[in-house]
Amino acid sequence: MRVLVVEDERKVASFVQRSLEEEGFAVDVAYDGRVGLERALATDYDAVVLDVMLPEKDGLAVVSAMREEGRRTPVLLLTARQAVGDRVKGLDAGADDYLVKPFAVEELLARVRALIRRKDGIRPGPLTVGDLVLDPDTRRARRGDREIELTAKEYALLDYFMRNAGRVLTRAMIAEHVWNVDFDTFSNVIDVYVNYLRNKIDAPFDTKLIKTVRGMGYMIEAPKEAPAKETPASR
């Protein structure tokens with residue numbers, strides 16, 4: 001999942017970025033409304049965390065422009081204003097939720113996750129591919145009866161694979177959704193992390209789930225069941 005943070009207070013922006021990245025999100029940051037709007041229109045983000053008070057263009061103008069351009073990306077507004085009228089203005093401008101500063105990071109993360117689930121129509125619950133299970137609520141993975149420990153980036157990559165099970169994911173798609181805007185697409189980091197995942201979820205098991213699609217990218221899919229053999233009695 002890829003999130004854009006638009007916040008002019010650099011300490012706050014850094015704190016939010018670090019917190020989201022520790023949860024496995026790829027995060028881009030902009031420090032003023034003009035750049036934030038440019039990035040929000042140029043990239044298909046899963047969510048935008050947007051401060052209201054911004055230089056160049058304020059947060060309400062940014063979210064209004066996004067909606068006018070047809071961008072339905074979920075927007076979480078950060079505001080220091082606690083008056084009901086100010087929050088109503090943000091929601092009327094097109095924001096999906098708001099959070100009053102100062103805020104607890106746990107609440108920020110929970111609200112971002114909820115917005116993304118709502119956008120994708122995803123109900124909370126484990127993701128499954130064959131006997132592999134990934135629980136977004138507990139951030140735990142297991143295959144069969146074996147628990148699998150994942151780093152934040154391994155989790156983000158596996159989450160993206162499993163939400164797109166059976167679909168070929170190119171390196172560009174993986175870079176866009178799991179890494180950030182500064183990612184070097186010519187590096188071998190994606191291949192390295194795919195190998196990390198294979199060593200954890202495939203190597204110890206007879207059935208392999210992650211597949212390389214030559215010249216295209218990678219995919220994860222459950223093994224297809226062999227068709228039942230026809231017996232003489234069934235003819």
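Tutor: The buried residues of helix H7 (residues 171-178) pack against strand S1 (2-6), S2, helix H6 (152-163), strand S10 (169-170), helix H8 (189-201) and strand S12 (217-220). Those buried residues are Ile174, Ala175, His177 and Val178. This is a predicted model, in which local features need pLDDT of at least 70 and side-chain atom pairs count only at pLDDT 80 or more, while totals for chains, interfaces and linings use all residues. Residues are numbered from 1 along each chain as its sequence is written, and side-chain values use heavy atoms, with hydrogens and water left out. Helices (H or I, at least four residues) and strands (E, at least two) are DSSP runs, numbered from the N terminus. Buried means under 20% relative accessible area, exposed over 50%, and partly exposed in between (1.4 Å probe, protein chains only). Contact means heavy atoms within 4.5 Å.

Beyond its neighbours within four places in sequence, Glu23 is in contact with Leu109, Arg113, Arg139 and Tyr155. With the side chain of Arg113, the Glu23 side chain makes a polar contact (3.1 Å). A polar contact is a pair of N or O atoms within 3.5 Å; within protein, one must be able to donate a hydrogen and the other to accept it, and residues adjacent in sequence count only if both atoms are side-chain atoms.

Arg142 belongs to strand S8 (residues 140-143). Arg142 counts as partly exposed because its relative accessibility is 39%. A polar atom of the Arg142 side chain lies 3.4 Å from the backbone oxygen of Gly144.
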